[in-house]
Amino acid sequence: MSFRVSGEPAMLVAGGSGGVGRAIVAALLEREIRVIVPLREDASEARLRDYLRELPLERLTLLRGEIADVADGQRIATSLRDAYGQLDGVAAALGGWWAGEPLVELRRETWGKLVADNLTAHLAVVQAFFPLLREAAGRYAAIGGGAAYAPVPASGPISILAAAQLMMTRVLYEEEQPRSGGVDIRELVVNGAIATDPDSSHGQPFAAREIGEIVADLLLTGATRRSTLRIDGPILNLLPG
Ligand SMILES: NC(=O)c1ccc[n+]([C@@H]2O[C@H](COP(=O)([O-])OP(=O)(O)OC[C@H]3O[C@@H](n4cnc5c(N)ncnc54)[C@H](OP(=O)(O)O)[C@@H]3O)[C@@H](O)[C@H]2O)c1
């Protein structure tokens, strides 16, 4: 690969092609951080490039791969170690909203896909990149949703998996804390809809750009100046207002 640059912080955004993830990518690039985004398909790359079109992209590295696949995740982690020597931060903005049948009628195929995208993909990112993050005493920031606290009819899997993701973060936090040089872990739980389309953001309590800024702060400093936060260990609950 041709992107070796030593001495600069390097951060990976999993889900960097999504509505929230691409805003995290933009916020990091604006702070002159080297950003790596693994992508599953050409269409995701095209969407991301279009969103970032007004930013300088010399610090952006797009890699093709399936982070949810064990072997591919390892391959990407190894290529990053070879290229940068270390990884300083990982953001995970994986999975997304879903609405459909109530739980009693939920098709098992739908359940399986939602578990894969909204929960297993998070575990895959942790397993692939925590060994590298530990080498740099790096930071990890996952994005979660307020559906973790509110049972949403006909979106049951989203509530269930968001709650499970919260517990994954809390277990990881307990597992990493005692380690010397363990990964600094946060989950930003956004309690409300995020406007992810920069051209139509009316009526949503949050804008993707502000979430991107908060996550960039968390990855760079471990904290954010936002006042509408309720903090519970590694969980930062972002409230509207
Ligand atoms: N949007 C909101 O209103 C909102 C509100 C509160 C919290 N959140 C949270 O923010 C996070 C991201 O949401 P979003 O709105 O940005 O969703 P999104 O636009 O659907 O983006 C999801 C991202 O995850 C990636 N992804 C999904 N499954 C994957 C898998 N199995 N392996 C690898 N990548 C996978 C997608 O990649 P591809 O491009 O390859 O599909 C895409 O980059 C979620 O945790 C959600 O709960 C969102």
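The chat below takes these topics in turn.

Q: What kind of model is it, and how are residues numbered?
A: It is a predicted model: local features need pLDDT of at least 70, side-chain atom pairs count only at pLDDT 80 or more, and totals for chains, interfaces and linings use all residues. Residues are numbered from 1 along each chain as its sequence is written.

Q: Ligand first. Which residues come nearest?
A: Gly15, Gly18, Gly96, Asp117 and Gly145, out of 25 residues around the ligand. A residue counts as near if its C-beta atom, placed from the backbone, lies within 6 Å of the molecule.

Q: Which elements give two or more residues to that shell?
A: α4 (108–135) and β5 (139–145). Elements are DSSP runs numbered from the N terminus: helices are H or I with at least four residues, strands are E with at least two.

Q: And the shell by class?
A: The shell has 11 nonpolar, 11 polar and 3 charged residues. Ala, Val, Leu, Ile, Met, Phe, Trp, Tyr, Cys and Pro count as nonpolar, Asp, Glu, Lys and Arg as charged, and the others, Gly among them, as polar.

Q: Staying on α4, where does Asn118 sit, buried or exposed?
A: Asn118 is in helix α4. Asn118 is buried, with 23 other C-beta atoms within 10 Å. The cut-offs: buried means 20 or more other C-beta atoms within 10 Å of the residue's own, exposed means 12 or fewer, and partly exposed is in between, with C-beta atoms placed from the backbone.

Q: What does Asn118 touch?
A: Leu94, Gly95 and Leu161, not counting residues up to four places away in sequence. Contact here means C-beta atoms, placed from the backbone, within 7 Å.

Q: Helix packing next. How do α3 and α4 meet?
A: The axes of α3 (residues 70–84) and α4 come within 9 Å and cross at roughly 25°. Axes are lines fitted to C-alpha atoms, for helices over the stretch in contact, and angles run from 0 to 180 degrees between N-to-C directions. α3 and α4 are therefore roughly parallel to each other. On the scale used, under 35 degrees is roughly parallel, over 145 roughly antiparallel, 65 to 115 roughly perpendicular, and the rest oblique.

Q: Which residues make the contact?
A: Gly73, Gln74, Ile76, Ala77, Leu80 and Arg81 of α3, with Ala124, Gln127, Ala128, Phe129 and Leu132 of α4. By class, that contact has 7 nonpolar, 3 polar and 1 charged residues.

Q: What about α1 and α6?
A: Helix α1 (residues 21–30) and helix α6 (residues 208–221) pack at about 55°, with axes 8 Å apart. That makes α1 and α6 oblique to each other. The contact includes Ala23, Ile24 and Leu28 of α1, and Ile211, Val215 and Ala216 of α6. By class, the contact of α1 with α6 has 9 nonpolar, 1 polar and 2 charged residues.

Q: Now the backbone. What is phi at Ala137?
A: Near 45°, a positive value in a residue other than glycine. Most residues other than glycine have a negative phi. Ala137 is in the loop between α4 and β5. Ala137 is partly exposed, with 14 other C-beta atoms within 10 Å.

Q: And what is phi at Ala154?
A: Near 70°, a positive value too. Ala154 is in the loop between β5 and α5 (156–176). Ala154 is partly exposed, with 13 other C-beta atoms within 10 Å.

Conventions. Contact = placed C-beta atoms within 7 Å.
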